Amino acid sequence: MSKLGTLGARLHRGEVGYDFVGNRKIWYGLSILITITAIVGLAVRGLNMGIEFQGGAVFNTPKTSVSVSQAQEYAEEASGHDAIVQKLGNGDDAKLRIQISGIDTKQADKVSAELADKLGVNEDDVTGELVGPSWGEQIANKAWQGLGIFLVLVVIYLAIAFEWRMALAAFVALIHDITITVGIYALVGFEVTPGTVIGLLTILGYSLYDTVVVFDSLKEQTKDITKQTRWTYSDVANRSINSTLVRSINTTVVALLPVAGLLFIGGGFLGAGMLNDISLSLFVGLAAGAYSSIFIATPLVADLKEREPQMKALRKRVLAKRAQAAAQGEAPDAPAGDEHHDDEPEDAAPAVVGPRNQPASRGRGRGRPSGKRR
């Protein structure tokens, strides 16, 4: 078995683990900082909306040796507006895609003629396409409607399948992912296109998948939790995260690899504009979704559950038992590292390794050390 597989098995059995829930204030603080930064970036810089949302024209040129920076300068001089130039293909001679926002049909004809002249190509070989702002507005409205319907259905489903606290935590995690992704677009200045909207809606499913996997494990392990005095709810929540940690990492890596291929190969080398737009939002959103599923959603559920009277009473009993064990010189139950078997009684005393609890050998004299008979 590989090292990662061995680690995953040990995490699943509870032999090793990291206290995600115990350090939740660190993750909450980090998420709040990232979210505030994203909101400030969105408020100050705003989103760089593509021509599909603003209206404008897209010009495709034949192969030319003119550089991207030079072509951008030509386009801005000809139109009087900001232009975005993208190189399609590799090599010194490549086609160019030039986007200019805020121009109408009359301006587009004039700009096309001037571009052909400055680039040294035939005017008939420069193709143009006009995009009206009303189409982009319809796409944006449909996207917001789809997002709202999706979130409502998710909350209803999780409230029925699990409980309202898990539904609330999943909702917060999804909003967290959307905010971070949109904030990164605003801070870096990535262009928002219909492909971006498609990618943004797609990442919600990936983020929700990881969250539901942990919630399902948590629901199973907390069944009749108040009938024992070994674990608090936070202990079991932490074990659930650790037991599914390697699975979540593997799922995220497997999902990110093809997206990275689309982003860096399809978008970077092949100049596939739509692929670049979709893969960029997917790449950012998948990373944010993996983070929120582990560090935000489940710790938030534990916080909400620990406020219940029965969970407060359970915590008091568990801590009292651990304090009693410590006073008697016994090792207390270790939430992250004690192996717990399904066939073991729920309230069974932990097996403590040490001289105090060494079992006596059968058929030996009292106080005689265990070992081979000489």
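Q: Over how many bridges do strand S2 (residues 56-60) and S5 pair?
A: This is a predicted model, in which local features need pLDDT of at least 70, side-chain atom pairs count only at pLDDT 80 or more, and totals for chains, interfaces and linings use all residues. Residues are numbered from 1 along each chain as its sequence is written, and side-chain values use heavy atoms, leaving out hydrogens and water. Strands (DSSP E runs of at least two residues; helices are H or I runs of at least four) are numbered from the N terminus, and two of them pair if DSSP finds at least two bridges between them. S2 and S5 are paired in the antiparallel sense, with Asn60 bridged to Thr127 in S5, and the number of bridges is five.

Q: Which strands are at the edges of the sheet?
A: Four strands make up an open, antiparallel sheet in the order S3-S4-S2-S5. The edge strands each pair on one side only, and they are S3 (83-88) and S5 (127-131).

Q: Which strands does helix H5 (residues 105-119) touch?
A: The direction of H5 makes about 25 degrees with that of S2, where angles run from 0 to 180 degrees between N-to-C directions of axes fitted to C-alpha atoms, for helices over the stretch in contact. Contact means heavy atoms within 4.5 Å, and H5, packing on the sheet, touches S2, S4 and S5.
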